[in-house]
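Colleague: I have a chain on my screen and would like to read it step by step. Please take me through it.

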Amino acid sequence: MRVRLACSIAALLALATLGLSAQARPPITATDPQFDPAAVERGSALFVGQCGFCHGSNARGGSSGPGLTRSALVQDDEGGKQLVAFLRTGRPDKGMPAFQLAPDQVGDIATFLHAAIFLNANRRLYQVLDILTGDPKAGEAYFAGAGKCATCHSPTSDLKGVGAKYDAVTLQGRILMPRGGRGAGPPQPAYLDKNAIKASITLPSRQTISGVLVRLTDFDVTLYDPPTGQVRSWFRNGDVPKIELADPLQAHLDRLPGWTDSDMHNVTAYLAGLK
């Protein structure tokens with residue numbers, strides 16, 4: 001990135017326009033580019049008022065214009081110099097009028113865009129905030145009632161102490177997408193997950209083979225056998241061999257379309273309190 005502006009990016013990260021909290025951000029390294037937070041704020045306001053309708057308030061695309069964070073013109077711009085010339089001409093053939101903005105105004109817009117590009121490319125700077133905004137009592141009622149969570153789970157058994165085991169962000173993620181390894185170490189194949197989909201295959205000889213589903217397409221099926229550690233595959237021809245699947249998390253999948261934002265936050269708040 002060619003833009004080189006003074007001041008610490010730490011203040012920039014506090015700007016609501018970029019969706020970050022200065023208190024929650026990770027440490028900024030010495031090699032990170034520097035942006036003037038006041039220029040970013042001015043540029044954001046100008047961009048929303050002058051460009052946001054077409055290009056979106058966050059510069060990622062709007063009702064009739066493309067996103068600008070991936071624009072070669074924007075990425076190659078130096079402090080607004082290239083943008084000034086472009087904006088004074090516009091692109092009438094594409095429906096974009098000319099803009100007669102002062103050079104310092106274009107410079108502020110350029111700073112805002114370069115800051116947005118930097119943050120888009122460095123997702124490590126984003127922090128998920130305000131997860132525990134729900135009502136624990138309402139979450140408990142949903143857990144035991146409409147959510148039907150108590151059908152399979154118990155706060156005094158499998159979920160005992162779950163609020164101390166996971167942070168709020170991880171906990172909400174596991175509520176909605178419980179399958180998948182999130183522990184320490186390298187990621188494991190999906191078929192090694194304790195909640196992996198189980199399958200039973202009946203061959204033309206009537207032999208039945210059971211295992212964990214690895215792969216299922218119109219042309220083949222592959223199973224993993226935990227006791228032996230073997231992976232076996234069979235070609236498919238229509239409904240032969242016969243395949244029956246059993247998903248331990250089917251109830252979660254069935255419930256997923258019915259979740260509301262309030263349900264998610266309420267249940268998260270309730271489970272987070274199970275220390």
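The questions below go from confidence to the sheet and then to the pockets.

Modeller: A word on the source: this is a predicted model, where local features need pLDDT of at least 70, side-chain atom pairs count only at pLDDT 80 or more, and totals for chains, interfaces and linings use all residues. Residues are numbered from 1 along each chain as its sequence is written, and side-chain values use heavy atoms, with hydrogens and water left out.

Colleague: What pLDDT does the chain average?

Modeller: pLDDT is the predictor's confidence in each residue, from 0 to 100. A score of at least 70 is reached by 84% of the residues. The chain average is a pLDDT of 84.

Colleague: Which element has the lowest mean pLDDT, and which the highest?

Modeller: Elements here are DSSP runs, numbered from the N terminus: helices (H or I, at least four residues) and strands (E, at least two). Over residues 1-27 pLDDT stays under 50. Where pLDDT is low, the predicted coordinates should not be read in detail. The lowest mean, 37, belongs to helix H1 (residues 9-12), and the highest, 97, to E1.

Colleague: In what order do the five strands of the open sheet lie?

Modeller: Two strands pair if DSSP finds at least two bridges between them. E1 (residues 198-202) pairs with E5 over five bridges, and five bridges also join E1 to E2 (residues 208-216). E2 in turn pairs with E3 (residues 220-225) over four bridges. The pairing is antiparallel, and the order is E4-E3-E2-E1-E5.

Colleague: Which strands stand at the edges of this sheet?

Modeller: Look for strands with a single partner strand. One side of each is left without a neighbour in the sheet, so these are the edges: E4 (230-235) and E5 (242-246).

Colleague: Which residues does Ser 200 face in E2 and in E5?

Modeller: Ser 200 can be followed to both sides of E1. In E2, Ser 200 stands opposite Ser 210. In E5, the bridge partner of Ser 200 is Glu 244.

Colleague: Which residue in the turn between E1 and E2 has a positive phi?

Modeller: E1 and E2 form a hairpin, with five residues between them. The next hairpin joins E2 to E3 through three residues. In the turn between E1 and E2, a positive phi of about 75° is found at Arg 206.

Colleague: What volume does the largest pocket have?

Modeller: On a 1 Å grid over the protein atoms alone, a pocket is an open set of points where a 1.4 Å probe fits, with protein on both sides within 12 Å along at least five of seven lines; lining residues have an atom within 4 Å of a point. Grid points are joined across faces, edges and corners, and a volume is the space filled by probe spheres set on the points. Of the 28 lining residues, those closest to the centre include His 153, Asp 158 and His 252. The volume is about 780 Å³.

Colleague: How many charged residues are in the lining of the second largest pocket?

Modeller: Its volume is about 550 Å³, and 28 residues line the second largest pocket, with His 55 and Phe 86 among those nearest its centre. Ala, Val, Leu, Ile, Met, Phe, Trp, Tyr, Cys and Pro count as nonpolar, Asp, Glu, Lys and Arg as charged, and the others, Gly among them, as polar. The lining has 17 nonpolar residues and nine polar ones; the charged residues number two.

Note on methods:
Contact means heavy atoms within 4.5 Å.
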